[in-house]
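Open the model in your viewer and keep the selection tool at hand. We will go from stop to stop, picking a few residues each time.

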Amino acid sequence: METRISSEYLDHSNCKLLEKSGCKLITFGVESASQRVLNLMNKGIEFKLAKKVLKKIYDTNIIVSSTYMIGYPNERDYEANKTLRYLKKFKYLDGFGLNQ
């Protein structure tokens with residue numbers, strides 16, 4: 001089953017409720033580690049909040065993954081590299097997808 005939920009609702013207690021209900025996997029379309037690029041995409045998320053939510057879910061028994069995009073129109077090289085560096089060092093993901 002697939003559904004959508006806004007990240008601001010995923011506090012610790014709601015993450016635990018999802019786990020208790022049998023949720024096995026959550027995938028977030030974070031898309032970029034650059035707030036400027038996220039704003040260009042009209043994602044409506046803050047990257048800092050997304051990182052916090054990913055960690056909260058990782059701390060449960062739910063598998064957490066996220067998707068990212070490199071080469072979005074008007075993305076600068078340093079912003080693409082920032083996303084790649086983030087993916088190399090962020091340890092609170094069980095997996096990720098990278099699209100170009």
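**Stop 1**

Select Arg-36 and Glu-79. They form a salt bridge, and their closest N and O atoms are 2.7 Å apart. The term salt bridge here means a side-chain nitrogen of Lys or Arg within 4 Å of a carboxyl oxygen of Asp or Glu. Side chains of opposite charge can pair when their charged atoms come close.

Now colour the helices. Arg-36 lies in helix α2 and Glu-79 in helix α4, so the pair ties together parts that are 43 residues apart in sequence. Helices (H or I, at least four residues) and strands (E, at least two) are DSSP runs, numbered from the N terminus.

Are the two partners buried or exposed? Glu-79 is buried, with a relative accessible area of 2%. Arg-36 is partly exposed, at 28%. Buried means under 20% relative accessible area, exposed means over 50%, and partly exposed is in between (1.4 Å probe, protein chains only).

A note before moving on: this is a predicted model, where local features need pLDDT of at least 70, side-chain atom pairs count only at pLDDT 80 or more, and totals for chains, interfaces and linings use all residues. Residues are numbered from 1 along each chain as its sequence is written, and side-chain values use heavy atoms, with hydrogens and water left out.

**Stop 2**

Select Glu-31 and Lys-43. Their closest N and O atoms are 3.7 Å apart in a salt bridge. Glu-31 sits in strand β1 and Lys-43 in the loop between α2 (35–40) and α3, so this pair ties together parts that are 12 residues apart in sequence. Glu-31 is buried at 13% relative accessible area, and Lys-43 is partly exposed at 31%.

Next, pick Lys-16 and Glu-19. This salt bridge has its closest N and O atoms 3.2 Å apart. Both residues are in helix α1 (residues 12–20), three residues apart, which separates them by about one helical turn.

**Stop 3: the sheet**

Show the strands. You will find an open sheet of three, in the order β1-β2-β3, with parallel pairing. Its edge strands are β1 (25–31) and β3 (95–99), and each pairs on one side only. Two strands pair if DSSP finds at least two bridges between them. Five bridges join β1 to β2 (residues 63–69). Select Ile-26, then look opposite: Val-64 in β2 is there.

**Stop 4: the core**

Select Phe-28, Val-30, Leu-54, Ile-57, Tyr-68 and Tyr-86. Of the 20 residues in the largest nonpolar core, these touch the most other members. Such a core is a set of buried Ala, Val, Leu, Ile, Met, Phe, Trp, Tyr and Cys residues joined through side-chain atoms within 4.5 Å. β1, α3, β2 and α4 each supply at least two residues. Which element gives the most? It is α3, with five residues.

**Stop 5: aromatic rings**

Finish with Phe-47 and Tyr-86. Both are buried. Their ring centres are 5.0 Å apart and their planes are at 80 degrees, so the pair is edge-to-face. Rings of Phe, Tyr and Trp (its six-membered ring) pair if their centres lie within 6.5 Å; planes under 30 degrees apart count as stacked, over 60 as edge-to-face and the rest as tilted. Phe-47 lies in helix α3 (residues 47–58) and Tyr-86 in helix α4 (residues 77–89), so the pair ties together parts that are 39 residues apart in sequence.
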